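Visitor: I have the sequence and the model open side by side. Could you show me how to read a few of the features?
Guide: Gladly. Let us take them one at a time.

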Amino acid sequence: MVQEPSNKRTVVFVDGQNLFHAAKEAFGYGYPNYDVYALAKAVCNMQKWNLVGARFYTGIPDITDNKFWHAFWSKKLLTISRQGVHVYSRSLRYRNKRVKLPDGTYMTFLTGEEKGIDVRIAIDVIRMAHRKAYDVALIFSEDEDFSEVAEEIRTIAQEQARWIKVACAYPFSPTHKVRGIEKTDWIKIDKSTYDACIDPRDYRPKPKSTH
């Protein structure tokens, strides 16, 4: 019989863009205003888990593609790393996207896409399980692609004859009623919990004064 640990060492894996878009849909926030470490700590405290590591992943635009958001993320990632959070970032890849409008016409626009973020998170969750670095992997995302990762962690737990849990956390509201990742425990973040973990610093560049 595998013994469930009383001290559940937890590593948090945050998909930064997924968290932002979920918070935008659930709570209406227009930019990534979360404090990564505070939110990770709050969710772990609610579950009575011991936070032993936090990792943050995001794509960011090159300065030549979007100076505003490049500056924002450069400052925010520096703060996040100074909190002791491991940061992994990659440049966004831009391509033309064509969509059909309600009137039957088509519009083409340039959009930035993350490449490799989900893969990096998956690799780290599996790698750290093999190294017995955690008892709980807490993924801040509701991306269904991670269900395969959860299945792999179950196999690792059997091979190591130890207790491992995979959970996912995500913003939830009447306007954002989404499902969590299959084969994981679902933790819904309500607005009061999220608001208590908003970063008071605004990293958006200020408009230059004309005076």
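Guide: This is a predicted model. Let us start with a contact: the side chains of Asp199 and Tyr203 make a polar contact at 2.7 Å.

Visitor: Is Asp199 buried or exposed?
Guide: Asp199 is buried, because its relative accessible area is 5% and buried means under 20%.

Visitor: How do I look for empty space inside a model?
Guide: The general idea is that rolling a probe the size of a water molecule over the atoms shows where empty space is left. Here the count is one cavity of 30 Å³ or more, and the largest cavity holds about 40 Å³ of space.

Visitor: Which residues line the largest cavity?
Guide: Both partners of our contact, Asp199 and Tyr203, are in the lining, along with Tyr34, Asp35, Val36, Lys76, Thr79, Ile80 and Gln83. Helix H3 gives the largest share of this lining, three residues. By class, the lining has four nonpolar, two polar and three charged residues.

Visitor: Where do Lys132 and Lys183 lie?
Guide: Lys132 is in the loop between helix H4 (117-130) and strand S6 (136-140). Lys183 is in the loop between strand S7 (165-171) and strand S8 (185-189). Lys132 is partly exposed, with a relative accessible area of 45%, and Lys183 is partly exposed at 41%.

Visitor: What about His21, which is found in helix H1: why does His21 count as partly exposed?
Guide: His21 has a relative accessibility of 40%, so it falls between the cut-offs of 20% and 50%. Helix H1 covers residues 16-27. To finish, compare sequence with space: His21 and Tyr31 are ten residues apart in sequence, and their C-alpha atoms are 8.7 Å apart.

Technical notes:
Residues numbered from 1 in each chain as written. Predicted model: local features only at pLDDT ≥ 70, side-chain atom pairs only at ≥ 80, totals over all residues. Heavy atoms only, no water. Helix = DSSP H or I, 4+ residues; strand = E, 2+ residues; numbered from the N terminus. Buried < 20%, exposed > 50% of the residue type's maximum accessible area, 1.4 Å probe, protein only. 1 Å grid on protein atoms, 1.4 Å probe; cavity = no way out; pocket = protein on both sides within 12 Å on 5 of 7 lines; lining within 4 Å. Points joined across faces, edges and corners; volume = space filled by probe spheres on them. Nonpolar A, V, L, I, M, F, W, Y, C, P; charged D, E, K, R; others polar. Polar contact = N/O pair within 3.5 Å; in protein donor to acceptor, adjacent residues only side chain to side chain.
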